[in-house]
Amino acid sequence: MHNYKKVVVGVALAVMAGVASAQQGMDMGPVYRGSWTASGEVINFDPVVAANDGISDSGFGLGVGYAGEKGLFNFSVGATFYFIDDNNEFTQRVQNDLTGNQSTEKSSIDAGSLYVDAGLQYPLTDSLTIGLNGGYRYFDISRTISNCRDCASEGVSIDNDTYLKPFAALDFNERISGALAYYSYSGDKGTEDSLQFGVNFRF
């Protein structure tokens, strides 16, 4: 893990430890709140792993999820689809099942993930909350030809990974809030970090 990651995670851990200690015995309110989330994310891969797999060392993701909170506790689950450049694409002759026409198509990177995390949070003001979660992310990334049956496919060596996620959330009103989260992965599975901005909608 890079030094700057250690600093970020260390500061977040120290803050949350102090918050949890200060809040022992205090009633944070038993009300459960849930929200649906739409998010955008920039993800960074290990440059060596990315070069070996013939993909860009970064990508952009769009995702949806659900978050819940009660007092100091919070959790989130979600799914993200990524757009990643294919630097080692292949071509293949394919046939349209309906028309029988043949064409040459190029491969692209098909990438998605599922994640779940949970941890502590603390309201700094009535509208601003900070927190630290730990979680697990499942990655499914491959090089293939979209919408093609029986076409060749190549795996990409980005493995599932654990992460720490310091975050900050700001309430715009009673139903809508924004959140900025930094995902710091373990560092040995091919993914370095990612930065996610989400908009949460309470119903």
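User: How many aromatic pairs does the structure hold?

Analyst: This is a predicted model. The structure holds 10 aromatic pairs.

User: How is a pair of aromatic rings described?

Analyst: Two values do it: the distance of the centres and the angle of the planes. Take Trp36 and Tyr66. Their ring centres are 5.0 Å apart and their planes stand at 65°, so this pair is edge-to-face. The cut-off for that label is over 60 degrees.

User: Which parts does the pair of Trp36 and Tyr66 tie together?

Analyst: Trp36 lies in strand β1 (residues 32–45) and Tyr66 in strand β2, so the pair links parts 30 residues apart in sequence.

User: Which residues form one aromatic cluster?

Analyst: Tyr82, Tyr115, Phe139, Tyr163, Tyr183 and Tyr185 do. Tyr183 also has a charge over its ring: the charged end of Arg137 sits 4.9 Å from the ring centre. Lys165 lies over the face of Phe167, at 5.8 Å from the ring centre.

User: Which residues make the nonpolar surface patch?

Analyst: Val42, Phe60, Leu62, Phe81 and Phe83 make this patch of about 470 Å². Strands β2 (58–70) and β3 (73–83) each supply at least two of its residues. Phe60 is found in β2 and is partly exposed, with a relative accessible area of 39%.

User: What does the secondary structure of the whole chain come to?

Analyst: Two helices and 11 strands. Of the 203 residues, 40% count as buried.

Key: Residues are numbered from 1 along each chain as its sequence is written. This is a predicted model: local features need pLDDT of at least 70, side-chain atom pairs count only at pLDDT 80 or more; totals for chains, interfaces and linings use all residues. Side-chain values use heavy atoms; hydrogens and water are left out. Patches are made of residues with over 30% relative accessible area and no salt bridge: like charges are joined within 9 Å, nonpolar side chains (Val, Leu, Ile, Met, Phe, Trp, Tyr) within 5 Å. Accessible areas come from the Shrake-Rupley method with a 1.4 Å probe; for residues, only the protein chains shown count as cover. A salt bridge is a side-chain nitrogen of Lys or Arg within 4 Å of a carboxyl oxygen of Asp or Glu. Helices (H or I, at least four residues) and strands (E, at least two) are DSSP runs, numbered from the N terminus. Buried means under 20% relative accessible area, exposed over 50%, partly exposed in between (1.4 Å probe, protein chains only). Rings of Phe, Tyr and Trp (its six-membered ring) pair if their centres lie within 6.5 Å; planes under 30 degrees apart count as stacked, over 60 as edge-to-face and the rest as tilted. A charge sits over a ring if NZ of Lys or CZ of Arg is within 6 Å of the ring centre and within 35 degrees of the ring normal.
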